[in-house]
Amino acid sequence: MSAGIDLENVCCDFGTFRAVDNANVSIRPGEFFSFLGPSGCGKTTILRMVSGFIEPTQGVIRIGGEDVRGKRPNQRPTALIFQNLALFPLMPIWENISFGLEVRGVDKATRRKKAEDLLKLVDLPGAADKMVSQLSGGQKQRVAIARALAVEPQVMLLDEPLSALDLKLRQHMRAELRAIQKRTGVTFIYITHDQGEALAMSDRVGVMSQGRIQQIADPREIYNNPVNGFVAGFVGENNVFEGTLGTVAGGMAGFDTAEGPFRARISAEAAGKPVKLYVRPEHTLLSATPGHENSLPVTVTEVSFEGAFISVHAQTEKGKILVAEIRNDGQATVPAMGAKLYALFAPDRAALLPDANVRA
Amino acid sequence: MQDLLRRYGFGLTLAMCLLVAFWLVMLVIVPNITLFEQSFRPYLPVTEVGGPKDVYSFNNYMKVFDGDVERSFLGFTFHIPVHVYTFGLTIFYSMVTTVICFVMAYPLAYFMAKIVNPKSLPTLILLLFIPLWVSEVLRAFAWWIILAFKGPLNALLLGVGLIEDPIRWTNMGYTGVVVGLVYTYVLFMLFPIYNAIQSLDTNQIEAAEDLGAPWWKIHWRIVLPHSKPGIASGSVMVFMLSAGSLLVPSILGSTTSQWFTQTIDQWFKDALDWNTASAYAFLLLLLCTVFVTVAMWLFKVKLSDIAK
Amino acid sequence: MHNLRLNLARIYMVLFIIYLLAPLVVMSGAAFNDSKLPSIVPWKGFTTMWFSEMIADQRMMVAFANTLWVAAAVALISVIVGTASAILINSVSGKVRTALYGMMISTILIPGVVIGISTMILWTKMGNALGTEFFLFNPGLHLSVLGQVSYIAAMVMLLVLARLQSFDAGLEEAALDLGASHTQVMRRILLPHLYPAIGAGAAVAFFQSIENFNVTQFTRGGADTLTVYVFSKVRSGITPTINALAFLLILVTLVLAVIYELNRRRRARIEAAREAEARRAEAAEL
């Protein structure tokens, strides 16, 4: 069983501070949806509103089509996985997992059975009688997931549950979480400030800044076609140029900068607003010969070998530093320090984007 | 309040508020207001209570100034009302007790907090706690035995040849009282100071040592200032407990020692004049509070430090 | 030089412990001295007759029983009131918290004489005003209970509040989120976390009540508690039966202390083993 969630014009104020501003999103049943943004952007507030710990100041929240305003956390079909997991330290693992059933008056034998089934599901059999303090970080993670699944929620809410883990374990748990979600078919709403996590796991991502949802799209779209400078900057690196917008035609526009004129993509919404030019380092090419457009002479000032790719810093004649990333396919030539080259980028790989969507 | 409701729901919040209200209102505020009100009424036979003579006055408080005694101090001879004199001595010897407790407790608190192996600390603390679990009356009684004219202390001192004749310890003014109070309350000084010193970063001490500070300077400039809140709360506890003690002065007092609580007790139990006892009790509470407040102001300690 | 100071400190600690414990030893020793006066010098031979006399002392036994029920009542009420206060204080903030907390703490500093007299006056006056002979409004040990609770509850409150500081409020939210009611959260999550402090609070309240003199002295009416009885004995004719009593009480205290200590060590060992296992699991994951 899984349910969709709809937020309609949801706002949340803390005193005079507006933590969430006019959020509209429709999350589909069985979807893995992430809210991505820096700390303080309002993503945790959204999660707490869905789980019922905070009531929205305005707007409607529906779970499975049903308006849940006024319903307390223990009356909603959601299960929250806390950032610090919030496992009950005084109960053995199986009681932790079956706590949600215990408070619903399920008898002990059924609860025990259910706990053991769930421990198998999260790949932790035989841990039923251990205490929380006996488990490693990754094992605690699994117990927290099992505990949330035990109440058969229609929606799972996860508040940066991986942030306390080591890098390697975190990557392992990403795949695990994704697999559990697919196995159970429950709708997952995932909160994180780690763009790698959000892009790798999610069906769709909502990027947030300063209380507003900036963009909702699948990970590829978010990365390749960010709607504004904030999204572009938050999900990846960019070379940014300031300048003035020229003529717009057929989704492309000219852009005059101190480094010279460029041509790049522009969306209909962006056309009327002040924009900047964004190019990703992996789309910035270095060449010995100039291109016929979007090309400028540079001098290589720094080369760092990162393993999978090579990051090159190159200075323009005006003194601006551009970053180019060359994929290390084993044969790539590494430019020499001080080499005089041309930086090029294809017009459809560069975007003219407005700044973040914030309250005036 | 919002937080309470959110965390515990309406029913539990109401129950908790009622319990707290029962405690603070019925057991603390109302009794003290009643005491205050009663202290202004005259002591009358039951039939006349509420009659024309039952009017408010300061008479009960004025009784403090009755009955002068002649005392000499440092060569000066002066007259002083006997209850004022008793009160003054109660405050004075409570202070003496507090200072002695501090001098005894500070070194041990430092030793426990910074030097003792942390593994053996719980056992040590348990050992120190034992006298605290034994009731106050028995602790005073123990010293009554020890200080007796033919008691073990005199026997010990005679035995090692420190004195030639036994000493009447319990007949030396307030000696017995102070000895008993120190023994009874020294732990109330030890633990707050211990807690305060424990929170001091040992690196600070080591840094000072490294910079060449002598040990006394380390204590004066680093450990003592840091433990000031602990010292303050310990001192307030010891002082208030001493000044309010009735058992120890009654058991270990001499014929020449009188504690202010004993005076209250006499009004209440012997004279059966509850109203004057109320007035005196209120005076004790008021003056001790004022004294502690002034002392805290002098030493620049805030109440919030003590409440830690 | 440093070593000298360290040794001095050790000697001081030992002396301090001797200072604390010697009076108790002297008092216990006197319980076995065959002398009409309670003392260990001169030693007139070993006897256990003071113990038999103690048991034969009807008044003392009555006082002992009174003490136990008063202490039990004080412990029960103080634990309930103190725990509720701690939880309440813990979730309010600002001026309300400062005022409430200040009022609660100040009860510890109010001289027992004041508490005793004020409690006595309030309840007897109320009885007079209502014109009732109901026992609640007469002097008696039940008033001692109320008077003692007024400050012992604050001690329990402090202990529970200290324990609450280490409580993760997220656990309450997690339980609510899993569908628990507020009562279930209290019973299954919050109270179990507080039990050690509540237990300690109950013990402190019990012993504080046993040793209370000031409040009891002014409220007890004609009834005796052990402390009051011992006090009257010390003032009038003392026999070493008091020492026999003291010896037994100290013995009970010691036994309880040892049990507590052994239990604490056992728990520490278990917890250390669990943490070691967690570290091993952690290492195996990487």
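Helices, of at least four residues, and strands, of at least two, are DSSP runs numbered from the N terminus. The structure shown in every view is a predicted model.

View 1. Along the principal axes, the C-alpha atoms of chain B fill a box of roughly 75 × 75 × 35 Å. Chain B has 308 residues, of which 43% count as buried.

**View 2. The contact between chain B and chain C.** Chain B supplies 70 residues to this contact, and chain C supplies 70 residues. On the side of chain B that touches chain C, helix H1 (residues 2-38) of chain B gives the largest share, 20 residues. By residue class, this side of chain B comprises 55 nonpolar, 10 polar and five charged residues.

**View 3. The open sheet of chain A.** Four strands of chain A make up the sheet, in the order E2-E1-E4-E5, and their pairing is antiparallel. Strand E2 (17-27) and strand E5 (66-67) of chain A are the edge strands, each of which pairs on one side only. Strand E1 (residues 5-14) of chain A runs antiparallel to E2(A), and seven bridges join the two. A:Asp13 stands opposite A:Arg18, a residue of E2(A). In general, the strands of a sheet pair through backbone hydrogen bonds, either parallel or antiparallel.

**View 4. Helix H5 of chain A and the residue A:Glu152 that follows.** Helix H5 (residues 137-150) of chain A consists of 14 residues. From the first C-alpha of H5(A) to the last, the helix reaches 20 Å, close to the 20 Å expected at 1.5 Å a residue. H5(A) is mostly covered, with 13 of its 14 residues buried. After H5(A) comes A:Glu152, which has a positive phi, near 45°.

**View 5. The contact between chain A and chain C.** Here 27 residues of chain A are in contact with 25 residues of chain C. Strand E6 (78-81), helix H3 (99-102), H5 and helix H6 (167-184) of chain A are the elements that give two or more residues to the side of chain A that touches chain C. The side of chain A that touches chain C divides into 14 nonpolar, 10 polar and three charged residues.

How values were computed: Residues are numbered from 1 along each chain as its sequence is written. Chains are lettered from A and ligands numbered from 1 in the order in which they are written. This is a predicted model: local features need pLDDT of at least 70, side-chain atom pairs count only at pLDDT 80 or more; totals for chains, interfaces and linings use all residues. Two residues are in contact if their C-beta atoms, placed from the backbone, lie within 7 Å. Ala, Val, Leu, Ile, Met, Phe, Trp, Tyr, Cys and Pro count as nonpolar, Asp, Glu, Lys and Arg as charged, and the others, Gly among them, as polar. Two strands pair if DSSP finds at least two bridges between them. The expected span of a helix is 1.5 Å times one less than its number of residues. A residue is buried if 20 or more other C-beta atoms lie within 10 Å of its own, exposed if 12 or fewer, and partly exposed in between; C-beta atoms are placed from the backbone.
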